[in-house]
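Let's take a walk through a protein model together. Keep the 3D view open and turn it as you read.

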Amino acid sequence: MENLTNQVLELKSGAKYFVLRQASYKGVTYYLCGELTPDGEDFTNQFKFLERIERDGKFIVKEVKDETTLQVLAKNIKLD
């Protein structure tokens, strides 16, 4: 699996997220992302954990909502 750290993910909604960290937990890949402004030049104050889901040879991401998973990710994925 390629490392997407420092890459931009664009969601179907048009929102763009910069991947700050990538990690694997229980065989699932997660991204800690910072939302970018519409022009892509700066960060908003929104940060999210996104989960990678493989489908038909491609991948999509969805926001992590499970509290237990969020706690584990927040504890273990740190920004230096």
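**From hairpins to core and pocket**

In the hairpin of S4 and S5, 2 residues lie between the strands, and aspartate 56 there takes a positive phi near 50°. The names come from DSSP: strands are runs of E of at least two residues, helices are runs of H or I of at least four, and both are numbered from the N terminus. This is a predicted model, in which local features need pLDDT of at least 70 and side-chain atom pairs count only at pLDDT 80 or more, while totals for chains, interfaces and linings use all residues. Residues are numbered from 1 along each chain as its sequence is written, and side-chain values use heavy atoms, with hydrogens and water left out.

Now follow the strands themselves. S4 (residues 43-55) and S5 run antiparallel and are joined by 6 bridges; two strands pair if DSSP finds at least two bridges between them. Across this pairing, leucine 50 stands opposite glutamate 63 in S5. S4 also pairs with S3, again in the antiparallel sense, over 6 bridges, and here tyrosine 31 stands opposite leucine 50. The hairpin of S3 and S4 has 6 residues between the strands, and glycine 40 in its turn has a positive phi of about 75°.

Which residues make up the largest nonpolar core? Its 9 residues are Leu4, Leu9, Ala15, Tyr17, Val19, Tyr31, Cys33, Leu50 and Val61. Strands S2 (16-25) and S3 (28-36) are the elements that give two or more residues to this core. A nonpolar core is a set of buried Ala, Val, Leu, Ile, Met, Phe, Trp, Tyr and Cys residues joined through side-chain atoms within 4.5 Å, where buried means under 20% relative accessible area (1.4 Å probe, protein chains only). A second, separate core has 7 residues, including Leu20 and Ile77.

Finally, look for the largest pocket, which is lined by Leu9, Glu10, Leu11, Lys12, Phe59, Ile60 and Val61. A pocket is an open set of points on a 1 Å grid where a 1.4 Å probe fits, with protein on both sides within 12 Å along at least five of seven lines; lining residues have an atom within 4 Å of a point. S5 gives the most to this lining, with 3 residues.

Conventions
Buried means under 20% relative accessible area, exposed over 50%, partly exposed in between (1.4 Å probe, protein chains only).
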